[in-house]
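User: I would like to learn how to read the features of a model like this one. Please take them one at a time, the general idea and then the case.

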Amino acid sequence: MKELGAERIAEAVRALCVPANRTLPPDVENAVRAAHEAEPWPLAKATLGTLCRNLDAARETGLPICQDTGMACVFIELGQEVHITGGALEDAVNEGIRRGYTEGYLRKSVVADPIRRGNTGDNTPAVITVRVVPGEQLRITLAPKGFGSENMSRLAMLKPSDGEEGVRAFVLDTVRRAGPNPCPPVVVGVGIGGTFDRVALLAKRALLRPLGSCHPDPYYAKMEQELLCEINMLGIGPQGFGGQTTALGVQIETFPTHIAGLPVAVNISCHVTRHAEVVL
């Protein structure tokens, strides 16, 4: 049994806040730069060049990549042999977000009530997802999610008879409807299966996969590549200015489902697909 203090967790989360908002994971940054090199349409190429310069400026100045520093989505893999002492896990995570966003001068975007609004002033509460796993480690992944792209996400409870074609049509329609609003080029997380709540989580978790990685099942790996090609043929392009780079990647996560259902969710992320993690 490993004991882990709540204060240590809070400090670990605090330390993730600024890096998660200042630099892209290498796989995402490499994809943006590769798209810039490959893009043949002049306006689209120039736009991607501006995005690359923005990444450089964020790294040099220490400022966020995007002014929308997002709602803090925190994914935790909790080893079943870990015992947390000195406080509650969720309280510790929220304290870390509070410190990190305040000390890092990151924009506070969370309102206390969805209808009556009222800014909480410290970007809490975070959206926390906990998965219990074997072992004596605690893995924390912070994924700030801006709402320009989040607002373009959709979920559908399809019929089993809709099949693969129904899923494909829903994904393409979602990206088409989103158009320039999510600041393309986008990363498209797709969840298929499970239940109403699980399928949305699948789509969100898909965005954490290394960009360019393939689904372990060749059937879904093929679907990812074909959807990426079809999305890039839509002609939306970087920031909606046309070209062949509407999406940097399509990543699918699946889960068994009920005989009567075919849930599908699409979680769209802009080119600033941020996340940082630590293992305690």
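User: In which helix does Gln-225 lie?

Analyst: One caution before the answer: this is a predicted model. Gln-225 lies in helix H8, which runs over residues 218–232.

User: Is Gln-225 buried, partly exposed or exposed?

Analyst: The label follows from relative accessible area: under 20% is buried, over 50% is exposed, and values in between are partly exposed. Gln-225 has a relative accessible area of 41%, so Gln-225 is partly exposed.

User: How far apart are Gln-225 and His-271 in sequence and in space?

Analyst: Separation along the chain and separation in space are read as two numbers. Gln-225 and His-271 are 46 residues apart in sequence, and their C-alpha atoms are 18 Å apart.

User: Where is Leu-16 placed, and is Leu-16 buried or exposed?

Analyst: Leu-16 is in helix H1, residues 6–22. Its relative accessible area is 8%, so Leu-16 is buried.

User: Which residues does Leu-16 touch, not counting residues up to four places away in sequence?

Analyst: With those sequence neighbours set aside, Leu-16 touches Ile-140, Leu-142, Ala-276, Glu-277 and Val-278.

User: How many disulfides does the count come to?

Analyst: A disulfide is a covalent bond between the sulfur atoms of two cysteines. The test here is a pair of cysteine sulfur atoms within 2.5 Å. By this rule the count is 0 disulfides. Cys-66 is in no disulfide, and the nearest cysteine sulfur, belonging to Cys-270, is 6.0 Å away. Cys-214 is in no disulfide either; for Cys-214 the nearest cysteine sulfur is that of Cys-229, at 12 Å.

User: Are Cys-66 and Cys-214 buried or partly exposed?

Analyst: Cys-66 has 24% relative accessibility and therefore counts as partly exposed. Cys-214, with a relative accessible area of 47%, is also partly exposed.

User: Where is Gln-251 placed, and is Gln-251 buried or exposed?

Analyst: Gln-251 is in strand E8, residues 247–257. Gln-251 counts as buried because its relative accessibility is 1%.

User: Which backbone oxygens does the side chain of Gln-251 reach?

Analyst: A polar atom of the Gln-251 side chain lies 2.7 Å from the backbone oxygen of Ala-206. The Gln-251 side chain also reaches the backbone oxygen of Arg-209, at 3.3 Å. Leaving aside neighbours within four places in sequence, the residues in contact with Gln-251 include Val-188, Gly-189, Val-190, Leu-207, Pro-210 and Glu-224.

User: Which residue forms a salt bridge with Arg-209?

Analyst: Arg-209 forms one with Glu-253, where the closest N and O atoms are 3.4 Å apart. Arg-209 lies in the loop between helix H7 (196–206) and H8, while Glu-253 lies in strand E8, so the pair ties together parts that are 44 residues apart in sequence. Arg-209 is buried, at 14% relative accessible area, whereas Glu-253 is partly exposed, at 24%.

User: How many salt bridges does the count come to?

Analyst: The count comes to 28 salt bridges. One of them joins Arg-14 and Glu-11, with the closest N and O atoms 3.0 Å apart. Both residues lie in helix H1, 3 residues apart, which is about one turn of the helix. Arg-14 is partly exposed at 26% relative accessibility, and Glu-11 is partly exposed at 31%.

User: What does the salt bridge between Glu-77 and Arg-139 tie together?

Analyst: In this bridge the closest N and O atoms are 3.7 Å apart. Glu-77 is in strand E2 (residues 71–79) and Arg-139 is in strand E5 (residues 138–145), so the pair ties together parts 62 residues apart in sequence. Glu-77 is partly exposed at 25% relative accessibility, and Arg-139 is partly exposed at 28%.

User: Which residues make the nonpolar surface patch of about 330 Å²?

Analyst: Trp-41, Leu-43 and Phe-241 make this patch. Leu-43 is found in helix H3, residues 42–61, and is partly exposed, with a relative accessible area of 45%.

Methods: Residues numbered from 1 in each chain as written. Predicted model: local features only at pLDDT ≥ 70, side-chain atom pairs only at ≥ 80, totals over all residues. Heavy atoms only, no water. Buried < 20%, exposed > 50% of the residue type's maximum accessible area, 1.4 Å probe, protein only. Patch = residues over 30% accessible without salt bridge, like charges linked within 9 Å, V, L, I, M, F, W, Y side chains within 5 Å. Areas by Shrake-Rupley, 256 points an atom, 1.4 Å probe, with all protein chains shown as cover. Salt bridge = Lys/Arg side-chain N within 4 Å of Asp/Glu carboxyl O. Helix = DSSP H or I, 4+ residues; strand = E, 2+ residues; numbered from the N terminus. Contact = heavy atoms within 4.5 Å. Polar contact = N/O pair within 3.5 Å; in protein donor to acceptor, adjacent residues only side chain to side chain.
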